[in-house]
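This briefing goes through selected local features of one model. The sequence and structure come first, and the notes follow by topic.

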Amino acid sequence: MSATAFGAELAWRRVARRSSIAAAASAVVAVIVVALLERRIAIELAADRSLAGIALGVVLPLSSYGLVTRAVGSARLDDAVLAAARHGASRRATVLGLFAVVLPLSAVVGLVLAALAVLITRLPADPKLVSDLLTSAWIGALAGIAYGAWFLAASTFGERGSGRLWALILDWVLGASATAVALPFPRGHVRNLLGATPVMHLPQWSSSVALMLLTLACTLWATRRCPP
């Protein structure tokens, strides 16, 4: 078995537990409840508020954070793949296996949460339902990928990977800004894609590119931070 395949299997064994199912169920319930409340308050703004608020602004970052924490076993990223190193495998290649599992799962979480928010707030007869559903779904998936890479890269810092907690806090605080300080954080670009105030007045398409570049940068950073 290659080191990358070993890393993917290791991540999957850690993630595929009852705690993950409970976390997913809690995330779905939270989005449904808040989306229904937003619909009752102002149906014309419910979809936008639910997407930028509970779905992709709150639950997705927390879900990706929890997913990464389970995948690395509450440890620093390099320590999470020590088992592979003991068998002579490359830790960097094993880390890529973690990315290969965490990023698609985080993308699915983002897609489902975004689609759920739109469906709850737009059903049953909104003429823009299908187009908004498709647009929101790919934004959620891209946001999920970026957050997964963001927290994996942050897990290379601090004792027991505590850097990912700081990454969550900083994204929440600084990423909410519309100034240049928000450029390195996923939150600002996700907000721009959802139609909120853009970071430094950047066009929406640039935030898609920014999230893809952020994912690539985090992947390269995380692998380089791990010993060979």
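H201 counts as exposed, at 73% relative accessibility; exposed means over 50% relative accessible area, buried under 20% and partly exposed in between, with a 1.4 Å probe and protein chains only. This is a predicted model, in which local features need pLDDT of at least 70 and side-chain atom pairs count only at pLDDT 80 or more, while totals for chains, interfaces and linings use all residues. Residues are numbered from 1 along each chain as its sequence is written, and side-chain values use heavy atoms, with hydrogens and water left out.

**Backbone features in loops**

- H201 is in the loop between α9 and α10; helices are DSSP runs (H or I, at least four residues), numbered from the N terminus.
- Most residues other than glycine have a negative phi, and most peptide bonds are trans.
- H201 is not a glycine, yet its phi is positive, about 60°.
- M200 lies in the loop between α9 and α10 (204-225) and has a positive phi of about 55°, although it is not a glycine.
- M200 counts as partly exposed because its relative accessibility is 44%.
- The peptide bond that joins L123 and P124 is cis, with omega about 10°.
- P124 lies in the loop between α6 and α7 (129-154).

**A buried serine**

- S177 is found in the loop between α8 (163-174) and α9 (186-193).
- With a relative accessible area of 18%, S177 is buried.
- Not counting residues up to four places away in sequence, S177 touches A182, R191 and V199; contact means heavy atoms within 4.5 Å.

**Helices α3 and α8**

- The axes of α3 (residues 43-72) and α8 come within 11 Å and cross at roughly 170°; axes are lines fitted to C-alpha atoms over the stretch in contact, and angles run from 0 to 180 degrees between N-to-C directions.
- The two helices, α3 and α8, are therefore roughly antiparallel to each other, a term for angles over 145 degrees.
- Residues of α3 in this contact include G57, V58, P61 and L62, and α8 contributes R164, L165, L168 and W172.

**Helix α1**

- Helix α1 (residues 3-15) has 13 residues and reaches 18 Å from its first C-alpha to its last, close to the 18 Å expected at 1.5 Å a residue; the expected span is 1.5 Å times one less than the number of residues.
- The buried residues of α1 are A3, G7, A8, L10, A11, R14 and V15.
- They cover an arc of only 160° around the axis, which puts them on the same side of α1; the arc is that of the directions from the helix axis to the C-beta atoms.
- Among the elements that cover the buried residues of α1 are α2 (18-41), α3, α4 (77-80) and α6 (91-122).

Key
Angles under 35 degrees count as roughly parallel, over 145 as roughly antiparallel, 65 to 115 as roughly perpendicular and the rest as oblique.
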